[in-house]
Amino acid sequence: NREGDLLFSVAKDPIANVWYSVNGERLGTYNGHTGAVWCVDVDWDTKNVLTGSADNSCRLWDCETGKQLALVETNSAVRTCGFDFSGNIIMFSTDKQMGYQCFLNYFDLRDPQQIEDNQPYLSLPCSESKITSAVWGPLGEFVIAGHENGEINQYSAKSGEILKVAKEHTKQINDIQSSVDLTMVISASKDCTAKLFDSTNLEHIKTFKTERPVNSAAISPIMDHVVMGGGQEAMEVTTTSTRIGKFEARFFHAAYEEEFGRVKGHFGPINCVAFHPDGKSYSSGGEDGYVRIHYFDPQYFDFELEA
């Protein structure tokens, strides 16, 4: 969440968990889904939690009590979801499967009728390529979505039109995260790169290259650093020796595009990375079923990359 005292995690089981980030103690669970939970988001003031799942539903929870406040049913799995700044408007995208299109849906929570009738005020079909990851842009004017074909689009939250398109990646985008001030987004892709974009005009700024698919990337709130996590596909893990599995989190300098550090620990591909809002720690979730929280040592903050 925005203060960083709580960490929300979802996995390929039906339970969403919330933990104290300071000591890793579990605070509670959000029970109700019946399939793998693909995405989770918490609003600006940590009132509500939003989860999207493979059980074809998107659910809204009371953060404190764990009570389910709303249930939106869909035709296919919910892949990505998010609150805008105000916490009043939610967006989520559904998968292209079982003969159904991929849709990007917008609901206004101030109008309970929309939830009751299961009628979003805006529903955009994405016929060409399904959305694999999405975040709200600055001021909640549009959603920045990454697609299976490597495209990044801005979808207006008012008219639904596509405002900007960036085609920099050659393969599927696995994750999109924004910087703390929402001026930039970083995309992680199967083409073994992560790229930094300006969030208003989708101008491509930097590229960070690795030898393996990147599953997730995050921008540090206080340093010019990005952290990336990935590894080969979970299916192929058993076919390689454990030594070359390479499931480290990798740190790159945001300006010089140079890698300057790696953190080992996971024994499966990393699916998700996130910085603490104070920039003093980061967490990673892996295919091995663990969420790890790493605190940086004092040297990290004094570190200067030799230009």
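**View 1. Asp278 and its surroundings in a predicted model.** Leaving aside neighbours within four places in sequence, Asp278 is in contact (heavy atoms within 4.5 Å) with Pro221 and Ile222. This is a predicted model, in which local features need pLDDT of at least 70 and side-chain atom pairs count only at pLDDT 80 or more, while totals for chains, interfaces and linings use all residues. Residues are numbered from 1 along each chain as its sequence is written, and side-chain values use heavy atoms, with hydrogens and water left out. Asp278 sits in the loop between β24 (270-275) and β25 (281-286); strands are DSSP runs of E, at least two residues, numbered from the N terminus. With 33% relative accessibility, Asp278 is partly exposed, a class lying between buried (under 20% relative accessible area) and exposed (over 50%), for a 1.4 Å probe and protein chains only.

**View 2. His33 in its loop.** Now let's visit His33, in the loop between β3 (26-30) and β4 (37-42). His33 is buried, at 6% relative accessible area. Its side chain makes polar contacts with the side chains of Ser57 (3.4 Å) and Arg59 (3.2 Å). The C-alpha atoms of His33 and Asp278 are 32 Å apart.

Definitions and conventions
Helix = DSSP H or I, 4+ residues; strand = E, 2+ residues; numbered from the N terminus. Polar contact = N/O pair within 3.5 Å; in protein donor to acceptor, adjacent residues only side chain to side chain.
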